[in-house]
Amino acid sequence: MNRIKIKSPLDLEKLRQAILAKTDSQKTHVAICAGTGCLALGAREVITAFKEELKKRGLENEVEIRETGCPGFCEKGTIVVSYPEGIYYLQVQPGDVQEIVEKTLVEKEIVERLLYTDPVTNEKAIPEDEIPFYKHQMRLLIGNNIKIDPKNIEDYIALGGYNAVAKALSEMTPVEVIEEIKRANLRGRGGGGFPAGRKWETTRNAPGEPKYVIVNCDEGDPGAFMDRALMEGNPHSVIEGLIIGAYATGSHDGFIYVREEYPLAVENTSIALEQAREYGLLGRDIMGSGFDFDVKIFRGAGAFVSGESSALMSSLEGKVGAPQPKYTHTSIKGLWNKPTNLNNVETWANVPLIINKGADWFTSIGTEESKGTKIFSLVGNVNNTGLVEVPMGITLREIIYNIGGGVRDNKKFKAVQTGGPSGGCIPESLIDTAVDFDELTKLGSMMGSGGMIVMDEDTCMVDVAKYFVDFLVDESCGRCVPCREGLERMSEILSDICEGKGKEGDIELLEELSEVMKDTSLCALGRTAPNPVLTTIHYFKDEYDAHIKEKKCPAHVCKVLIEYYIAGEKCTGCLACLKACPEGAITGEKEKVHVIATEKCSKCGICYETCKFDAVLIR
Amino acid sequence: MKKMTINGIVAQVEDYWTVLEACRFYGIDIPTLCHHEGLSPGGICRLCIVEIGKGKRAKLVTSCNYPVEDGLVVRTHSERVIRARKMLVELLLARCPGSKTLQDLAAKMGVQRVRFKVKNENCILCGLCVRMCAEQMDAKAISFAGHGINRRVTPPFDIKSDVCRNCGACMYICPVCQLRCQGPEPPNVVCGACMNVEPVCLQDNEDVMCYLDTCGWCFKVKPSSLKKSGYGKEKIEEG
């Protein structure tokens, strides 16, 4: 392949011009999301259908098909965008392809039924910025995902990619780069919120050679996938940030730690690295600056705790991925006891933006202490699930109602869980809180890596706490006593409460245990593990009391504490539930009121779902 | 030499010491289960925690692996430390009630009840045997396997290791399984038959001399302070 090696910033600019010259901006092309979410919904079939349809019509050379990364609206996949008009088609099935090609690509008409329809007003939205889900976002990081084929570096370069590297390497000293990042007050997006600039400076000044830089893509929070979307959809933005970080800290070796469960991220990143090497953006003497740097991918063997810095580095060294008992920061003694700078995927992706547009621009977004944007994965009982990128300081209400479209099935909002298993549940009364690192910490929750789980009125908060504690029982490495023993005991107590065996004093014991776990655990997993329990006790104490004292589950979730019964006035005696009951617990005759025998009932809920007259009730 | 403050006393300590070594040099008793002078620090049992820093920034760290530094302010027996240690002993006791070491520790620290379900395990997973085998015997015949609640000490693949020389060092160093508690089997797990000392209390005066051993000063002068925290409750009620 006759690829030009980029030997100077000028070469990069020339290459960009050459790419732009050969692409016709008015040429029709179709962007199809090939992210993991859409692939699961059948994007591969849609892509094949498009290719076949175009071939059939002899349009292969007229229309370009681009397989892009995830634009975030996973709820409505497969997403197909037709350019240059930018028509957004949602929930496209292979069967719709023929119509899209015929109407939109050939006749330049819009297929109305595939557009976004507002669930309330029934209005249709055509381009991205009219869809409410996108309208209220600020998509600095994931906005480019739909415009880029992650397997083609030229797409990224055409959009101004690697400009920041050129600028940093040719115009700035490493110290200036660090100063710029510090001035931008970029805080770690992985959860801790530690200022990245200060971390870089520590690594730079720490004694020892070589130094390392690492991308942490060991994302494991239940329901969180923003790092995956970036790594799959726009790997070059992360690599670009990493090169700048390596230059600033004086490192020549980088690693990208991706979990094995993200095969597409591994594949796209491998291709991206290979292409960056071919173009001379990685390797020796990058852009003629004399700076050498290369990156390896390391596939994590899949433990949640490996996302912790010292555990990640143990894993990279080939040992068991468990946190190390050390009080020296990994930025001073990390990988192989050398200074190592570890940042999250999203933190790295922010770096090129700051270098390109300046710290002043970056600090103009966000709140006093938290700058820039943050990607959240909005999931749970909300209408529009998916990835949302918002400026810091936006309220939870705006995210859930304006972007998320409110709670699903018109149910009542109950709580939102932020920060994954280490975060906490925020109740409705605090939903107007601004989202920033410190505000969420004050409420007993945390930003975490950006998981956001919306819960409706049918959620039992004790059950939620138990879910997260059980998750952590499975994921704790088991090394230190408070985390291993404490979490198991916590799970035992919560199970008892859910099964109606709760005792007076259980809440106090949970609180006492939580304090000790927070104080004494070895790593952040154990130190933050009690957060779901503490916040649910704090904000939903009445539910705990109902479970323990009255042996009732107000949300009707805890099976042991509920009872199905048939309301006599509503029952028509249709025999439907009687026939459906797997336990034979329902007795009755035709057109006479049926009765559920509680002692036989296994509480499977089939009768509740079967009854067409809402006569089966829960108490 | 470095200068630090331990319980209000200005201490001169060697540069390479850990906080635990410094405290022990000054005669302060800090309980440990996973620590041994000849082995690398484990940081597992967390019993050696001490409180450092002041005010809002005060935090608990394990002294066995915390390096000494100039100006460090350490409190070895503050209320927060004692509360955490008692909970840790309670958790360990619920796991291995048959260990005399743990029963003695519970008695010494005034742990009078275990509020968790009893498991009757033999091992507290302190890892002393694993480190002994690897670091002193140079064998690495045993190691940890499994994670979380399934963590256990075992030779690789659960079959007797070829490198094991039957030296017995792992048994020698075990703090828990050798000594069995021969006392009564009480309903609340805590044996208490060997209970012989009053618990320390420093909630009113963080710099008092109790750290040397239990002195009883606070018990004599201010029984109310004991009552508040629940230490030695029964004694007070009796008296």
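## Close-ups of two interfaces

View 1. The domain assignment of chain B gives two parts: domain 1, made up of 2–85 + 195–238, and domain 2, covering 128–173. Keep in mind that this is a predicted model. On the domain 1 side, 9 residues are in contact with 6 residues of domain 2 of chain B.

**View 2. Where domain 1 of chain B meets domain 2.** Put together, the two domains of chain B bury about 640 Å² between them, and carbon and sulfur atoms account for 55% of it. Zoom in on His36(B), Leu39(B) and Ser40(B): of domain 1, these residues lose the most area to domain 2 of chain B, together 62% of what that side buries.

**View 3. Polar contacts between the domains of chain B.** How many salt bridges does the rule find across the interface of domain 1 and domain 2 of chain B? The count there is 0. Polar contacts do turn up, with 4 residue pairs across this domain interface (both at pLDDT 80 or more). Sorted by class, the side of domain 1 of chain B that touches domain 2 of chain B has 4 nonpolar and 5 polar residues, and no charged ones.

**View 4. Chain A against chain B.** Now for the interface between the chains. Here 29 residues of chain A are in contact with 32 residues of chain B. The area buried between chain A and chain B is about 2,800 Å², with 57% of it coming from carbon and sulfur atoms. Which residues of chain A lose the most area to chain B? They are Tyr327(A), Arg489(A) and Asp519(A), together giving 25% of what the chain A side buries.

**View 5. Salt bridges and polar contacts between the chains.** Between chain A and chain B the count is 6 salt bridges. A salt bridge to look at is the one where the side chains of Glu485(A) and Arg95(B) meet, at 2.7 Å from N to O. Across the interface of chain A and chain B, the rule also finds 16 residue pairs in polar contact (both at pLDDT 80 or more).

**View 6. The helices on the chain A side.** α18 (461–475), α19 (481–498) and α20 (506–520) of chain A each supply at least two residues of the side that touches chain B. Among these, α19(A) gives the most to that side, with 10 residues. As for residue classes, the side of chain A that touches chain B has 12 nonpolar, 5 polar and 12 charged residues.

Terms used. Residues are numbered from 1 along each chain as its sequence is written. Chains are lettered from A and ligands numbered from 1 in the order in which they are written. This is a predicted model: local features need pLDDT of at least 70, side-chain atom pairs count only at pLDDT 80 or more; totals for chains, interfaces and linings use all residues. Side-chain values use heavy atoms; hydrogens and water are left out. Contact means heavy atoms within 4.5 Å. Buried area is the accessible area (1.4 Å probe) that two parts lose on being put together, summed over both. A salt bridge is a side-chain nitrogen of Lys or Arg within 4 Å of a carboxyl oxygen of Asp or Glu. A polar contact is a pair of N or O atoms within 3.5 Å; within protein, one must be able to donate a hydrogen and the other to accept it, and residues adjacent in sequence count only if both atoms are side-chain atoms. Helices (H or I, at least four residues) and strands (E, at least two) are DSSP runs, numbered from the N terminus. Ala, Val, Leu, Ile, Met, Phe, Trp, Tyr, Cys and Pro count as nonpolar, Asp, Glu, Lys and Arg as charged, and the others, Gly among them, as polar. Domain bounds come from an automatic or database domain assignment.
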